[in-house]
Amino acid sequence: MNLPLQPPVEPMLANLSRDMPIGETWLYEPKWDGFRTVVFWDGQDMLLQSRDQKPLGRYFPELEKGLREVLPPGCVLDGEIVIVGPHGLDFDALSLRIHPAESRVRMLAADMPSSLVAFDLLCADGEDLSGQPQGLRRERLEAFLSPRPPLFLTPATRDPDMARQWFERFEGAGLDGVVAKDVRQPYAPGRRIMVKVKHQRTADCVVGGFRWLRGHEGKAVGSLLLGLYDDDGVLHHVGHTSSFKAAEKQALVGRLEPYRDPTGSASYGSGRTPGGPSRWRSDVDQQWESLRPELVCEVAFEHLQGDRFRHAATFSRWRPDKPPRDCNYHQLEATVPYLLDDIFKAGTGQTT
């Protein structure tokens with residue numbers, strides 16, 4: 001490609017922190033939940049490069065077409081591919097795009113088109129900016145782009161109070177925290193020099209089933225399958241936890257044995273079950289054992305995707321004092337849904 005910065009480029013990464021860094025040198029942005037992407041565009045050829053340095057263009061043909069129309073040539077952008085659904089960012093819809101059938105991809109692209117949220121500029125007008133400090137790159141990014149669909153510019157602020165507001169308000173739109181960047185730092189491919197602060201919440205869940213540890217069937221439990229009741233009293237699978245040491249996984253066999261349900265009908269029943277189709281798991285992975293819905297545990301989780309946990313939850317403790325029927329979705333109602341437009345209305349796209 002006719003650019004001073006050639007692919008592949010490893011994206012700059014972030015360390016996880018419970019506390020937001022405070023000081024005059026920090027720039028804050030919402031943390032987007034999508035596919036990290038580096039965009040190379042020389043005016044003729046375009047490459048959408050994934051975090052693991054693979055091409056993404058064939059999975060997002062509508063985005064590549066749209067970016068060619070709105071993105072100035074001679075640039076390299078760092079950003080996130082997202083899909084916006086009725087209730088905010090839809091990671092499930094995004095994941096479905098990684099499909100081998102071109103016809104399937106194009107059908108999905110027409111139904112729910114994707115967008116790119118840009119948050120860093122590595123090259124502009126044929127000039128390599130990756131060695132410049134973050135603050136200058138942000139200024140150049142704002143001056144270089146004239147965002148319009150499918151291209152957006154992430155809001156940014158130097159005000160930690162504003163960043164805290166974003167952290168609390170925007171979870172309902174599917175964003176999962178805040179990223180802090182030192183304005184003095186150059187772009188550092190592959191290095192964790194940014195800071196990410198993610199949501200960490202707890203929930204009491206019914207243990208409606210479990211999976212055996214692969215290769216240790218009957219001897220060690222691999223994961224507990226978690227459930228919550230809806231308003232109609234139906235138990236739905238919401239995620240799993242596997243954060244146990246080897247000895248604890250063995251001990252779980254005896255703990256769960258009195259609650260085993262050979263019929264498989266006592267727990268999730270008419271609700272969403274753990275064994276649904278998934279392109280990420282094999283048939284072996286999807287096998288699970290049912291338990292009577294009598295055990296309750298508290299877990300920590302970072303982020304909700306729709307009405308389930310986006311990532312694996314972390315086991316905190318057993319809750320023998322908690323009635324299983326009290327484990328419902330109402331305990332998760334901590335945020336108000338926001339649309340993508342609402343997030344950008346928090347600022348003009350310019351750093352505040």
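Predicted model: local features only at pLDDT ≥ 70, side-chain atom pairs only at ≥ 80, totals over all residues.
Residues are numbered from 1 along each chain as its sequence is written. Local features need pLDDT of at least 70 and side-chain atom pairs count only at pLDDT 80 or more, while totals for chains, interfaces and linings use all residues; side-chain values use heavy atoms, with hydrogens and water left out.

**Exercise 1. Find which residues of α6 are buried and which are exposed, and what the buried ones pack against.**

Step 1. Buried means under 20% relative accessible area, exposed over 50%, and partly exposed in between (1.4 Å probe, protein chains only). Helices (H or I, at least four residues) and strands (E, at least two) are DSSP runs, numbered from the N terminus.

Step 2. In α6, Lys-249, Leu-252, Val-253 and Leu-256 are buried. Because they cover an arc of only 110° around the axis (using directions from the helix axis to the C-beta atoms), they lie on the same side of α6.

Step 3. Now turn to the other side of α6: Ala-247, Gln-250, Ala-251 and Gly-254 are exposed there.

Step 4. The buried residues of α6 pack against β12, β13 and β19, where contact means heavy atoms within 4.5 Å.

**Exercise 2. Describe the largest nonpolar core.**

Step 1. A nonpolar core is a set of buried Ala, Val, Leu, Ile, Met, Phe, Trp, Tyr and Cys residues joined through side-chain atoms within 4.5 Å.

Step 2. The largest one has 32 residues, and Leu-224, Leu-226, Phe-309 and Trp-318 touch the most other members.

Step 3. Elements giving two or more residues to this core include β12 (201-212), β13 (221-229) and α6 (246-256). The largest share, 6 residues, comes from β13.
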